[in-house]
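You asked for a quick read of this one before you dig in yourself. Here are my notes, in the order I'd look at things.

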Amino acid sequence: MPKVKEMMTTEVECCTPLDNMYEAAVKMRDYNVGAIPITDGNRLIGIVTDRDLVVRGIAEKKPGSTAVTEVMSEQLVTISPDASVTEAARLMAKHQIRRLPVVEGDTLVGMMSLGDLAIHEASDEKAGEALTEISQYH
């Protein structure tokens, strides 16, 4: 079974605690992603999703200049690059998430998405199972 490090995305666009909601939204648009990790140096401190921007930002009438740290998720589910793809799929399904930060210690080294799982033949079944479980709750 392949390891996460063999399938993860390593070119990850991040925001820092100094960035605001508007800047995070522009990065999501420009890079066609639904989540942006928040890092302090290389240390992962949170993640902001498109849903976070809507629910914790716009719906709360926060301006685009609001710091990403005010709307980011801090309770993170992460995985090691040496973990199996099966474990990544299991974590995504269990926690109902589509994106999984890949960390060594507290350093962000990549991102694993449901799409990353789906493009690898050996993990198609696991990705399908995870997608089915995630989609049932959203």
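The points below cover pockets, a strand pair and some salt bridges.

1. First, a reminder: this is a predicted model. Please read everything that follows with that in mind.

2. Start with the largest pocket, which has a volume of about 510 Å³. It is lined by 20 residues, and Thr49, Ser73, Gln96, Ile97 and Arg99 are the ones closest to its centre. The largest share, five residues, is from α3.

3. Next comes the second largest pocket, with about 260 Å³ of space. Here 14 residues make up the lining, and Thr9, Val12, Val33, Ala35 and Met111 sit closest to the centre. Both β1 (35-40) and β4 (107-113) supply at least two lining residues, with β4 giving the largest share, three residues. Sorted by class, this lining has seven nonpolar, three polar and four charged residues.

4. Now for the strands. β3 and β4 pair in the antiparallel sense over six bridges, and they form a hairpin with two residues between them. In the turn, Gly105 has a positive phi of about 70 degrees. Have a look at Arg99 too: it stands opposite Ser113 in β4, and Arg99 is also among the residues closest to the centre of the largest pocket.

5. How many salt bridges does a search of the whole structure find? There are six. One of them joins Lys5 and Asp82, whose closest N and O atoms are 2.7 Å apart. That pair links distant parts of the chain, since Lys5 is in helix α1 (residues 4-7) and Asp82 is in the loop between α3 and α4 (85-95), 77 residues apart. Lys5 is partly exposed at 46% relative accessible area, and Asp82 is partly exposed at 42%.

6. Another salt bridge runs between Glu13 and Lys27, with 3.3 Å between the closest N and O atoms. Glu13 lies in the loop between α1 and α2 (21-31), while Lys27 is in helix α2, 14 residues apart.

7. Last, Arg90 and Glu87 form a salt bridge, with closest N and O atoms 2.7 Å apart. Both are in helix α4, and because they are three residues apart, about one helical turn separates them. Arg90 counts as partly exposed at 42%, and Glu87 is partly exposed at 28%.

Conventions
Residues are numbered from 1 along each chain as its sequence is written. This is a predicted model: local features need pLDDT of at least 70, side-chain atom pairs count only at pLDDT 80 or more; totals for chains, interfaces and linings use all residues. Side-chain values use heavy atoms; hydrogens and water are left out. On a 1 Å grid over the protein atoms alone, a cavity is a set of points where a 1.4 Å probe fits but cannot get out, and a pocket is an open set with protein on both sides within 12 Å along at least five of seven lines; lining residues have an atom within 4 Å of a point. Grid points are joined across faces, edges and corners, and a volume is the space filled by probe spheres set on the points. Helices (H or I, at least four residues) and strands (E, at least two) are DSSP runs, numbered from the N terminus. Ala, Val, Leu, Ile, Met, Phe, Trp, Tyr, Cys and Pro count as nonpolar, Asp, Glu, Lys and Arg as charged, and the others, Gly among them, as polar. Two strands pair if DSSP finds at least two bridges between them. A salt bridge is a side-chain nitrogen of Lys or Arg within 4 Å of a carboxyl oxygen of Asp or Glu. Buried means under 20% relative accessible area, exposed over 50%, partly exposed in between (1.4 Å probe, protein chains only).
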